Each structure stands twice: as C-alpha cells, then as structure tokens.
Amino acid sequence: MARVVILGGYGAVGRGGGGRDVEIGVLLGGGERHGAAAVAWTLDGLADLGPSWRVEFPAPYGTRTVHGFPFSDQRTLPDTLDVDRVRTGLCPDSRLTTALLPAAARFAHRLGRWRRRASAATDLRSRCRRAG
C-alpha cells in the first residue's frame with residue numbers, strides 16, 4: 001500500500017505493504033489562512049466524513065487519526081494510476097479538533113439536509129409568486 005502524507009499543502013509519499021491501494025492523509029494547520037470558498041468546501045465535505053484510520057505524519061506530528069474525507073483523489077487516481085483503491089482523509093493539527101470532527105460531521109449532515117429543504121421551500125415560494 002502506498003501512503004501519501006500531506007502537511008499544510010506539502011506532500012510526502014511512503015510505500016508500505018506493496019499493494020495496489022493508496023491512502024492519502026492531509027493534516028490541516030489551524031493557524032493557516034484559508035479562503036472563504038475553501039472553508040465552505042471543507043464544511044460541506046464534513047457531511048460525507050467516512051471511516052477513520054491511523055497515519056504516521058513526520059515529526060513533530062507523529063501518528064494521528066485521519067477521518068475519511070471526500071477529496072477528489074479517491075475518484076480520479078484509480079482512473080489515472082495503476083491502483084485498485086484510493087482512500088482520502090484529513091485531520092486538523094489539533095488532536096482535540098480531530099476528535100470532535102465526527103460530531104461536527106453529524107451536525108454538517110443535518111445542516112445540509114436543512115439547507116436543501118430551505119432552498120426547496122424558497123424555490124416553491126418564488127414559483128408561487130410568479131404564478132400568482
């Protein structure tokens with residue numbers, strides 16, 4: 001299995017197990033600046049948080065829990081590389097924040113459902129106004 005570790009946009013590739021699977025772990029720094037679109041995209045992705053696994057990041061970070069996250073690599077890399085499976089995940093640099101991600105994901109999932117319902121209701125009201 002190949003492992004890719006990304007620290008704040010910098011990546012390192014490690015080989016392990018010799019399989020045709022790739023795991024990509026991304027460690028996000030809390031003190032970094034992220035644009036509004038990047039923050040919104042990340043929050044939307046929390047609704048699809050997947051299973052967790054452990055990744056060894058370089059010092060000083062060490063072994064961390066990475067939560068499955070829907071980065072596009074898991075869909076594009078199997079088509080462009082000779083690999084069977086790609087799983088992608090993230091963890092913030094704060095261990096506490098990492099531990100709280102599943103709870104945030106449940107909230108984001110509920111918020112997403114609420115936003116879709118609110119959007120549908122707004123669309124319906126707009127159509128009714130135009131028709132009436």
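I take buried to mean under 20% relative accessible area, exposed over 50% and partly exposed in between, with a 1.4 Å probe and protein chains only. Helices (H or I, at least four residues) and strands (E, at least two) are DSSP runs, numbered from the N terminus.

The model is predicted: local features need pLDDT of at least 70, side-chain atom pairs count only at pLDDT 80 or more, and totals for chains, interfaces and linings use all residues. Residues are numbered from 1 along each chain as its sequence is written, and side-chain values use heavy atoms, with hydrogens and water left out.

**Entry 1. Strand β6.** I looked up the burial of strand β6 (residues 85-92): 6 of its 8 residues are buried, so the strand is largely enclosed by the rest of the structure. I then checked its pairing, for which DSSP must find at least two bridges between two strands. β6 pairs with β3 in the parallel sense over 8 bridges, and with strand β5 (residues 62-68) in the antiparallel sense over 2 bridges. Gly-89 of β6 is the bridge partner of Gly-25 and also of Gly-68.

**Entry 2. Strand β3.** I turned to Leu-27, which lies in strand β3 (residues 21-28). Leu-27 counts as buried because its relative accessibility is 2%. Its C-alpha atom is separated by 9.4 Å from that of Ser-94, 67 residues apart along the chain.

**Entry 3. Nonpolar cores.** I define a nonpolar core as a set of buried Ala, Val, Leu, Ile, Met, Phe, Trp, Tyr and Cys residues joined through side-chain atoms within 4.5 Å. The largest has 14 residues, and Ile-24, Leu-46, Leu-49, Phe-69, Val-86 and Leu-90 have the most contacts inside it. The elements giving two or more residues to this core are β3, β6 and α3 (95-131). Another core, of 6 residues, lies apart from it and includes Trp-53, Phe-57, Val-66 and Cys-91.

**Entry 4. Leu-49.** I listed the contacts (heavy atoms within 4.5 Å) of this residue. Leaving aside neighbours within four places in sequence, Leu-49 is in contact with His-67, Gly-68, Phe-69, Leu-101, Pro-102 and Ala-105.
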